[in-house]
Amino acid sequence: MRKRQVVVRRSEEPSRSSTTSSFTVRNVKYGECQKNHAAGVGGYAVDGCREFMASGEEGTAAALTCAACGCHRNFHRREVETEVACDCSSPSSNGN
């Protein structure tokens, strides 16, 4: 499951009359399951689930449960990809 989170930050520098906007886009992906199913008997065994797949629609309790292995989403390795883009508008550079 791939989730996309967009954070928009706008900041104005007091020394300039232009507005600088930066956009941060974070893509969150949940990878393989890391739950140790044999922890109760002192061993180590994972179920082999390679990627989180939500059991239900976004916003429901079932969206936090993996359809493949039945574990909660927190047991899956979280991968965050961050992209920052700057929309910098500057005053015209024609000598004014």
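Reply:
**The aromatic pair and its surroundings**

The structure holds 1 aromatic pair. Rings of Phe, Tyr and Trp (its six-membered ring) pair if their centres lie within 6.5 Å; planes under 30 degrees apart count as stacked, over 60 as edge-to-face and the rest as tilted. Here the ring centres of tyrosine 30 and phenylalanine 52 are 6.0 Å apart and the planes stand at 65°, so the pair is edge-to-face. The pair links distant parts of the chain, 22 residues apart: tyrosine 30 is in strand S2 (residues 19-33), and phenylalanine 52 is in the loop between S2 and strand S3 (76-88). Strands are DSSP runs of E, at least two residues, numbered from the N terminus.

This is a predicted model: local features need pLDDT of at least 70, side-chain atom pairs count only at pLDDT 80 or more, and totals for chains, interfaces and linings use all residues. Residues are numbered from 1 along each chain as its sequence is written, and side-chain values use heavy atoms, leaving out hydrogens and water.

Tyrosine 30 and phenylalanine 52 are both buried, that is, under 20% relative accessible area (1.4 Å probe, protein chains only). Cysteine 33 counts as buried at 5% relative accessibility, and cysteine 71 at 4%.

How values were computed. Helices (H or I, at least four residues) and strands (E, at least two) are DSSP runs, numbered from the N terminus. Buried means under 20% relative accessible area, exposed over 50%, partly exposed in between (1.4 Å probe, protein chains only).
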